[in-house]
Amino acid sequence: MFVQRGSSRSRVALAGALSMGLVFGLSACGDGDDDSGATTGASAAAIDCSPYTAFGDLKGKTVTIYTGIVTPEDTPHKESYKPFEQCTGVTVKYEGDKAFETQILVRAEAGNPPDIAYVPQPGLLQNLVKTGKAVEAPAETAANVDKFFGPDWKAYGTVDGKFYAAPLGANVKSLVWYSPKEFADKGYQVPTTLDELKQLSDKIVQDGGKPWCAGIASGEATGWPLTDWMEDFMLRLSGAETYDKWVKHEIPFNGPEATAALDAVGAYLKNDQYVNGGLGDVKSIAGTTFQDAGLPILEGQCSLHRQASFYAANFPAGTKVAKDGDIYAFYLPGKDATTKPVLGGGEFVLAFADRPEVKAFQTYLSSDVWANTKAKVSSGWVSANKGLDPANLTNPIDQLSAGILQDPNAQFRFDGSDMMPGAVGANSFWKQTTAWITGQDTKTTLDNIENSWPK
C-alpha cells in the first residue's frame, strides 16, 4: 500500500470510517435544485452573498481544485461548495489524486498548476511557494484568518513573511482513548495533568490491570505512532518554542530535550507493568498494527490508548463512541491544567492564480460560513476555525476535537515528522524508534537519527 506521511494516516482511517458507516451520509432536503435533481442541506442553505460582491460579476467562471482527498471523502467537500456556487455563479471543479503530494510539485514546476491546491504539510507548502508559481492570499482571506484562527495557524501558511495559505481542516493527535464505563465502575477520573496521568496508570496497575495498549506496525511506515508520542512529550516537557527549534534542527535531535521526551515515552511504553494490555509484552508493540492497538479497551484488557482523533474509524461497526458510550477520548494533558499543547495536522488552501473568482473562493473557504456548512455534511472532520459551532459537528469526537482546537490556551503544533526532511521524518525517525521499542537504548536511537539529518 502506498503510504503518505502524516495526512494519509487520517485519510486512510477516515476512509475506513466511511466504509463502516461511521460517517453519516448526506440526505436530500430543501427546495433548490442541483445537478442530480436533489439538494442537500449544504446546497439549500442561504448564506450572505455580500462578501463576494467586491470581486465583481463571477457568473460563468470556473475554479479548479487539486487535492489528495479522494472518494468517498471528497463528497462532503463538493457538497460544501454549493452555497458559494449558488451565491456567485462560479463552478468549482474538484480533482482528487492519491499521488497529489508528488504530482502537485510536478505540475507547479511545469507551469500547469491548478487554481487551488489543498496542501497537507507546511514543508510541502514552502516547496510549492519556492517554485514561484504560488500567489499570496488576498486581503479578504487574510482578514478571515486573523478573525477565525490563532496566530499559530496563520504562521504555518506564511512563507518568508508573506501570507499564502489559509487553514482548511484539522485533526488532533493529542488524545487518549478510554472506556467511560470502566472509569465510572472503578472510580477513575480523567487526568488534567501529566502527573495525574501517571497516577492513573499506577492506580490501574494496583487494581490488577495493564493500563496501556499500543501498536506501531504500519507497513513501510512502521514506527510513526512512536514519533507522535515523542512529539507530544517534546511539546509538554519543553514547550512550543523549543519544539519548533527541534523540528527545524536549530537544536540537535539528540539533545537533552529530546532525550527527556523519549525517556518520558519510555516510562509508559517500555514499562512491563504498563503495557501491552491484551497484546503481549513491550516488544509486541512493534508487531501490533496501529489499527488494532486500541481494540483491547473494548474487552477490558487495557484502559488507555494514545492515538489521534481519526482512530475512531478503527472500532467495530456498532461501537458507540461518546462520553457515555463504549469508547471515548480525553485530551492528553500538559504539565499543568492551564497549558494546552496540541499536536495535530491539517490542510492549507494555496492558490496559483489571482483571478477574482479564485480570491472569492479562498475567502469563502476561510470563513465561518464554510466551516459550519462543511460540518453539517461531514463526520470525522473538524476545523480550528473559531467560528465553527461545535453543535454543527455530527459526532462527539469531532466536538471534542473542536473544543480542544478552540481553547484560548491551545498551542497548536504540526506533526514534527511531517515537517522534517524525508530522510528523517519518514525514514530514520520511524525506523530508529521501532528499534528503540524492541530494545535499543535512547542514546543510540537519538544519535542515529541525528546522524541521518541531511548536511
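# Reading a predicted fold, feature by feature

Me: S309 counts as buried, at 13% relative accessibility. What does S309 touch?

Reply: Buried means under 20% relative accessible area, exposed over 50%, partly exposed in between (1.4 Å probe, protein chains only). Contact means heavy atoms within 4.5 Å. S309 touches N171, V172, L175, W177, I397 and S401, leaving out residues up to four places away in sequence. S309 sits in the loop between β8 and β9 (328-331). Helices (H or I, at least four residues) and strands (E, at least two) are DSSP runs, numbered from the N terminus.

Me: What kind of model is this, and what limits apply?

Reply: This is a predicted model: local features need pLDDT of at least 70, side-chain atom pairs count only at pLDDT 80 or more, and totals for chains, interfaces and linings use all residues. Residues are numbered from 1 along each chain as its sequence is written, and side-chain values use heavy atoms, with hydrogens and water left out.

Me: Now the core. Which residues have the most contacts inside the largest nonpolar core?

Reply: In soluble globular proteins, nonpolar side chains tend to be buried together. A nonpolar core is a set of buried Ala, Val, Leu, Ile, Met, Phe, Trp, Tyr and Cys residues joined through side-chain atoms within 4.5 Å. Here the largest has 128 residues. Y118, W177, W246, F253, L269, L350 and F361 have the most contacts inside it. Helix α13 (residues 256-269) gives the most to this core, with seven residues. A second, separate core has six residues, among them W224, F290, F310 and W430.

Me: Take W246. What is in contact with W246 beyond its neighbours within four places in sequence?

Reply: The partners of W246 are M230, E231, M234, I251, P252, F253, A258, M420, F429 and W453.

Me: How many salt bridges does the whole structure have?

Reply: Side chains of opposite charge can pair when their charged atoms come close. A salt bridge is a side-chain nitrogen of Lys or Arg within 4 Å of a carboxyl oxygen of Asp or Glu. A search of the whole structure finds 19.

Me: Where in the chain do R355 and D115 lie?

Reply: R355 is in the loop between β10 (340-351) and α15 (356-365). D115 is in the loop between α5 (100-109) and β3 (116-119). The two are 240 residues apart, so the pair links distant parts of the chain. Their side chains meet in a salt bridge of 2.8 Å, N to O. R355 is partly exposed at 31% relative accessibility, whereas D115 is buried at 9%.

Me: And what about pairs within a helix? How many residues separate D447 and K443?

Reply: D447 and K443 are four residues apart in helix α19 (residues 442-452), which means about one helical turn between them. Their closest N and O atoms are 2.7 Å apart in a salt bridge. D447 is buried, with a relative accessible area of 19%. K443 is exposed, at 59%. Salt bridges that share partners also join K173, D228, D232, R236, R306 and D415 into one network.

D185 and K181 form another salt bridge, with closest N and O atoms 2.7 Å apart. Both lie in helix α9 (residues 180-186), four residues apart, about one turn of the helix.

Me: Which backbone angles stand out?

Reply: Most residues other than glycine have a negative phi, and most peptide bonds are trans. The bond from V275 to N276 is cis, with omega near 5°. N276 is in the loop between α13 and α14. Another cis bond joins T71 and P72, with omega about 5°. P72 lies in the loop between β1 (62-67) and α3 (74-80). Phi of D160 is positive, near 55°. D160 is exposed, with a relative accessible area of 76%. Phi of H249 is positive too, near 65°. H249 is partly exposed, at 25%.
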